[in-house]
Amino acid sequence: MTTNNNCFKTPLLTVDKTLQMIKSNINSISTTQTQLIRDALGHTLAEDVVSNINVPPHRNSAMDGYAILSTDLNTDNNIQLNVIGTSFAGAPYEGAVNNGECIRIMTGAMMPDGADTVIMQEDCERTDDVISLNNQHKAGQNVRHPGEDIQQGSVVLTAGKHISPADLGLLSSIGIAEIQTYCKPKVAFFSTGDELKSLGEDLGPGDIYDSNRYTLFGMLQKMDVEVIDLGVIADKKELIQQTLEKAAQSADMVLTSGGASVGEADYISEILSDIGQVNFWKIAMKPGKPLAFGHINQTPYFGLPGNPVSVMATCYLFVQPAIGYLKGLKQSEHLSLKATSLNLLKKVPGRTDFQRGILKQNEKGELTVDTTGMQGSHILTSMSKANCFIVIPQDSGNVEAGEVVEVLPFNGIL
Ligand code: AMP
Ligand code: MG
């Protein structure tokens with residue numbers, strides 16, 4: 001990647017171009033580990049998983065009822081069959097079933113030899129050891145076949161898959177206790193700014209509380225990385241430089257917030273031109289115009305804007321996919337939907353807006369989106385109320401109420 005610390009004079013970068021540049025400059029971490037499946041939750045699978053068994057492993061009943069031969073359904077409408085035994089889940093009936101006979105069978109129990117159809121118990125009348133039923137049933141119904149879900153020898157999960165609760169179930173269903181995963185990346189972050197006070201401190205004139213430290217902590221925590229919180233660093237060159245160097249040594253990615261806009265960018269850029277290969281970009285997006293991205297030694301670095309909404313928007317849009325690549329994830333894109341705007345949304349052409357919205361479904365089943373109100377990059381309540389970003393394209397002006405817009409639903413990290 002070429003370094004360009006002077007790009008405030010260059011044209012704005014589009015969001016898509018920025019995403020591409022980030023993607024092509026981040027490799028997955030190389031260390032992998034063997035983990036018990038429970039410990040692997042939230043990690044990324046490092047190799048394909050092949051099943052050594054069929055799931056289900058045997059033919060079994062999908063219902064509580066009676067296992068019969070379908071050829072018995074070809075007779076008249078009042079069929080009578082002798083109940084000759086029972087098959088429980090885990091305690092199968094050992095013998096075979098012939099015409100004129102049936103087996104009482106429970107859900108999940110093995111089908112006895114000979115039987116190919118299950119009649120729900122609600123559809124039979126039982127008197128002693130005889131059941132009566134009509135012939136309005138389909139041959140083969142209510143039977144689950146071996147390998148219906150997973151075939152022996154098939155690839156069940158591919159490398160690069162995020163391990164979810166469903167995957168824990170899937171892995172356990174094929175008897176797999178341990179898997180190979182990528183180690184969780186360590187992400188170090190700190191806030192910069194002389195005006196920032198930590199919780200518990202008193203606010204002096206012009207001071208504010210450091211909220212980015214908490215939003216970033218929350219988002220990183222939900223991204224299943226190891227979080228290294230380096231706190232607030234004052235706007236002092238040596239201190240920022242030392243902290244950046246230390247962070248880059250101990251972490252797989254470093255984030256800072258604040259100090260990346262024009263006023264202070266020279267400061268951070270001065271340090272980074274000595275110790276890193278970092279681009280200072282102006283992104284054609286609102287909120288979140290200033291963004292620094294590059295490497296300090298080999299460690300990827302993001303200099304996020306200082307404004308509380310900007311930091312969340314850029315973390316969601318750029319840092320989340322970047323951490324996905326670092327974690328070895330194959331899929332790291334955001335879900336995009338279309339919804340009807342319920343409001344006039346003010347917008348000036350020139351940058352892509354990521355306004356905060358509340359996505360809902362109306363009584364007709366259509367998706368609608370409501371604004372959260374004031375959209376300034378310092379209005380953190382707009383993030384708290386929202387459940388999606390409303391994306392208004394770069395060249396677009398105002399959006400009228402009733403127009404269809406693109407929305408990105410918050411995906412668990414916001
Ligand atoms: P900067 O990019 O440092 O010029 O900051 C832009 C704006 O974001 C300023 O109003 C800062 O006070 C504010 N800001 C910067 N860092 C934080 C933070 N950690 N928490 C809350 N606000 C911040
Ligand atoms: Mg600052």
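I started at Phe 189, whose bridge partner in β16 is Asp 229. Strands here are DSSP runs (E, at least two residues), helices are H or I runs of at least four, and both are numbered from the N terminus.

Before going on, I noted that this is a predicted model, where local features need pLDDT of at least 70, side-chain atom pairs count only at pLDDT 80 or more, and totals for chains, interfaces and linings use all residues. Residues are numbered from 1 along each chain as written, chains are lettered from A and ligands numbered from 1 in written order, and side-chain values use heavy atoms without hydrogens or water.

Next I looked up the sheet: six strands make an open, mixed one in the order β16-β13-β17-β21-β20-β18. β16 (226-233) and β18 (276-282) are at the edges with a single partner strand each, so one side of each has no neighbour in the sheet. Pairing takes at least two DSSP bridges between two strands.

Then I searched for salt bridges (Lys or Arg side-chain nitrogen within 4 Å of an Asp or Glu carboxyl oxygen), and the whole structure has six. One of them joins Asp 224 to Lys 184, with closest N and O atoms 3.8 Å apart. Asp 224 sits in the loop between α3 and β16, and Lys 184 in the loop between β12 (178-182) and β13, 40 residues apart. I also found Glu 270 bridged to Lys 237 at 3.1 Å; Glu 270 is in helix α5 (residues 262-275) and Lys 237 in helix α4.
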